[in-house]
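Subject: Structure for your review

Dear colleague,

Please find the structure below, followed by a short account of what was found in it.

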Amino acid sequence: MLEWLPRYDASWLRLDVVAGITVAASVIPEGLAYASLANLPPETGLYAGLLAVVAYLFFGTSRQVIVGPTSALAILLASGVGAVAGGNAASYASLVTVTTVLVGLFAVVAWAFRLGFLVQFISGSVLTGFSAGAALYIMSTQVNKLLGIESTTPDAFVWQTFFGRIWYAGTHLAETNPETLAVGGGGIVLLVLGERYLPRAPNALVVVLSIVLMSVTDLQARGVAIVGSIPSGLPSLTVPAIPSVSTLGSLVPVAAALFLLSYVEGISTVETFARRHDYRTDANQELLADGVANLAAGLGGGFAVGGSMSRSALNDAVGGKTQLTNAVVALALVVVLLFLTAAFTNLPETILAAIVIVAVTGLIDTSALRQLYRVSTSEFAIAMSALLGVLAVGMLWGIFVGVVLSLLVAISRVSRPSTHELGRVAGTEHFVALDLYPAAKTATDVFVYRVEAELFYANAERVRTDLLDRLAERDTDVEVVVFDLTSSPTIDFGAAQMLETLQQKLESRGIDLRFAEADAEIVRMLETTGVAASAGGVKPEESVHDVIDRWRAER
């Protein structure tokens, strides 16, 4: 705030106020819906939304992002903490608070160690698959509410997997409440039409219409469940009882997954709008904003929060210019909590289910999945693995499936780098890859080789094998191998040992090894390990052409 507020332009105030009021009209029903999704009282969604926007007002770097409860965080919290609570409702509420505080602490620690870069290791294909899986998983949790089917004591598998929930709903269709389905189905139709023709506040309109409908009819007596009484008043400080060490240990992986999901949701939204409006944000500062928002939500009686793409897009669409929009949203939520909670008593629960279902459809990016299928079958397979992981084992483990897949992809790529034999461009001193420029010339006694990656222990042996295999394919008597390090800015000790072994192998065949385009850091490493002395000395930034000339002069 100390950076953007002094530069605030008074002409932006009207736009920020209008955007704040419009966004608040969406935050209120979504907050109630996501509280239901998290198996918490409806007011906790409003508390979380209020405290999150206040925190982001002071610490956030994006001008458009709105932080608050999200569908994915709510369902992950419910499934993860619910398993630890073991069906104890009183314990569940306390454990939610502890978990949300842990999410905030993880984010603050990550900010202190400047770990914002770590999110870059989660590939886009994994996120695409995970988001689609999360949307389907979340929809499955709302089917019973939409149909009015009573969920008595279903098996744990039914509650924790997509397939189990669909099976349960399918085998209990005869118990569907027609009135509940009619209200919920009508809500979905109005929400879809509203997004197309009245995109600024479809949720608020549907909520108002459904409350009016329940107030003038006897639908409640016919089995249409309502939200019920919502206590008025602002959130107060909630200090949870510290659970046992074993319980706390069970909550740590849940909080870690929530932190990861919260930050990934938030930073992707932040970067989207920063690129759209051409301004800079700070990934590490966003960690602090995320941490403070979750600490405030946890201690204020809410639950885990993160950046919301849908509400941020709405803020941008209606012209929100700065973080001041968050202040207007906060004021609107204060008014609702103090004076208007009674107005939501007759809100049908099936409408909250409709809001969730329509909201999460945006997480299914079919165009991105189709593009992955066309461009890279391996990336598509990774995306589908993440999607099926969420559906088969739930949101919590689905998160870790995505993280593991991302790390495996990164490791696979760096351990199997692209390599080239080089040739000289006729009439110049430049060397290029022969597989890209077949017209480049090679000398019968010289073999020039380049790796398009850093050299380290994970790819060292593969590089050595590849170089020797390529050398064996040459039908001439090579007398020198020149290792071009242009694309290899660093070498670790394991790679240096590989180069020493390679030099000895080549020497036994009567072939010299030389290095070109090595920067000063690599030169020091090669000199320290003794490789440089065996390779005729290594000069910083010496070109391939000059290395070959020096070798010929020495011969």
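A patch is built from residues with over 30% relative accessible area and no salt bridge, where like charges are joined within 9 Å and nonpolar side chains (Val, Leu, Ile, Met, Phe, Trp, Tyr) within 5 Å. A salt bridge is a side-chain nitrogen of Lys or Arg within 4 Å of a carboxyl oxygen of Asp or Glu. Accessible areas come from the Shrake-Rupley method with a 1.4 Å probe, and for residues only the protein chains shown count as cover.

This is a predicted model, in which local features need pLDDT of at least 70 and side-chain atom pairs count only at pLDDT 80 or more, while totals for chains, interfaces and linings use all residues. Residues are numbered from 1 along each chain as its sequence is written, and side-chain values use heavy atoms, without hydrogens and water.

The chain has 21 helices and seven strands (DSSP runs numbered from the N terminus: helices H or I, at least four residues; strands E, at least two). Of its 555 residues, 51% are buried (under 20% relative accessible area; exposed is over 50%, partly exposed in between; 1.4 Å probe, protein chains only).

Val109, Phe113, Leu115, Phe117, Leu118, Phe121, Leu407, Ile411 and Val414 form a nonpolar surface patch of about 810 Å². Helix α16 (residues 377–415) gives the most to this patch, with three residues. Leu115 sits in the loop between α4 (89–112) and α5 (124–147), and counts as partly exposed because its relative accessibility is 30%.

Helix α14 (residues 349–360) is largely enclosed by the rest of the structure, because ten of its twelve residues are buried.

Yours sincerely
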